[in-house]
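Okay, thanks everyone, let's get going. I'd like to walk you through some ring contacts and then say a word about confidence.

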Amino acid sequence: MDRQRGFGLGASIALTLASAVLWGVAHLATERRRAGIALMAAHVLTLAAILVVFTGFSTRLLSLAVQPRWLIGLTAGLVVLALAWTFVIVWSFVLVRPPRADLVGRVLTTSLTIALCALVLGPTVYAARLAYVSRDVVNTLFPVAGSSPVISQDPWNGAQRVNFLLLGADSAPGRPGVRTDSMTVASVDVRTGATTLFGLPRNLQRVPLPKGPARDRFPFGFTGSGPDTPGLLNEIYQYAEDHPDMVPGVGRGRRGPALIKETVGGILGLQVPYYAMVDMKGFAEMIDAIGGVEVTVKEPIVYGRYREGLLPAGTRRLTGQQALWFGRSRTDSDDYVRMGRQKCLLNAVAKQADPLTVLNSFERLAAATKRAISTDLPQDLLPAVVELSQKVKDKKIHSLSFVPPLISTVYPDWSLIRRKVSDALDEPRSTRSGQVFAHEQSPDDPVSLDAACR
């Protein structure tokens, strides 16, 4: 029965708004004390639980956000909370709405109630959509390697460091296959997050291949497919893809990563279990998705096979296509200058891709990411990688590139490379405070990150 409670327009609006902020206010105003107190208690406990989770377990939340099962649970929880909140708002409105005779009041309070419900449901729908897209990205990019998460175990199996091979692939039109023109190993201390980057130039020659069919075919180092190919390090990935017998028993799409990981690991004297590869054209789409990237162009950069473009010197925001040429062009330059620009570009993207920017372009960025990135990092390891990344971001990242004059690309000293890697990783922490590798990579070295980005 619709009983008249004597609430005018102002009181109805105030009580409806108050009930949206704190459940149960309207119920107490209409003398439904038991329901009102129960709703208030439920609301306060829910908000307290959310606050505790977000303040006390923020790192773990990031880890859960890369697990599809938890994303489903999070979405379900958000939907249930939003529906409950909407139900309380509507229930409160029904209790305190103006009498039927006040047609204007009813219209206004009904409109307010609809707006409040939309205010609750709108962000929930958006958050659910983001969770769905995130889950799709995780399932697309990262293989399922096991049935149980590794959060409660040691994901690194007692290792002090874990090494990731980061590849930049250039699959330009008119040139078949993929060239891994950018190759960097990130060696991360799993306890502290201290990270050292080891960069290898694409044009290393006579690269020793791992024992087995690959070395049997090239016992004195990789020499390519014949007289028409120079036999450089950046050709090994595609060569393995084109020659299944190089990596027996491994399927297409995985032969290249398997051989390049073993090869690079052998060069550096490190175990390299995981890789991630970014296609340069896809990387350009990712930059467009976040609205471009601001970098400092130290010297004018000519690009294009026929010198059809120019990036003037100065600090400017680059589009994806311009950024692609910033990181790719070797016109009037060389591989080593290009390596420095690529590091600068990656560093700029990492710094400028803030959470708000990523959120505003999330779907477009997710679509570009699925096209641009490939990796063999298993889903079960993602929580541990997220936690490790939180340690890495608080540490200074050191860099060592094996380029001339330190290393000849035609006749590389493989023993020297491994010795430098060992020295870099074994160097006492007290000496690693900003001037590491200064004797090998001075501030004027074009491959230095600081020099490239100043």
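Phenylalanine 326 belongs to α11, where it is among the buried residues, along with Gly320, Ala323, Leu324, Trp325, Gly327 and Arg328. That helix runs over residues 320-328 and is mostly covered, with seven of its nine residues buried.

Now, ring against ring. How many aromatic pairs does a search of the whole structure find? It turns up seven. One of them is phenylalanine 87 with tryptophan 91, a tilted pair with the centres 5.6 Å apart and 45° between the planes. Both residues are in helix α5, which covers 68-96, and they are four residues apart, about one turn of the helix. You'll remember that an α-helix has 3.6 residues a turn, so residues three or four places apart point the same way.

Is phenylalanine 87 buried or exposed? It's exposed, because its relative accessible area is 54% and the cut-off for exposed is over 50%. Tryptophan 91 comes out at 31%, so it counts as partly exposed.

Next pair: phenylalanine 218 and tyrosine 239. The ring centres are 5.5 Å apart and the planes are at 70°, so we call this one edge-to-face. Phenylalanine 218 is in the loop between α7 (213-217) and α8 (236-242), while tyrosine 239 is in helix α8 itself, so the pair ties together parts that are 21 residues apart in sequence. Both phenylalanine 218 and tyrosine 239 are buried.

The protein chain has a mean pLDDT of 83, and 86% of its residues reach 70 or more.

Two stretches to flag. Residues 147-152 have pLDDT below 50, and the model gives that stretch 13 contacts beyond near neighbours in sequence. Residues 428-452 are also below 50, with 55 contacts counted in that way. Where pLDDT is low, the predicted coordinates should not be read in detail.

Notes. Residues numbered from 1 in each chain as written. Predicted model: local features only at pLDDT ≥ 70, side-chain atom pairs only at ≥ 80, totals over all residues. Heavy atoms only, no water. Phe/Tyr/Trp six-rings, centres within 6.5 Å; stacked < 30°, edge-to-face > 60°. Helix = DSSP H or I, 4+ residues; strand = E, 2+ residues; numbered from the N terminus. Buried < 20%, exposed > 50% of the residue type's maximum accessible area, 1.4 Å probe, protein only. pLDDT = per-residue confidence, 0-100. Contact = heavy atoms within 4.5 Å.
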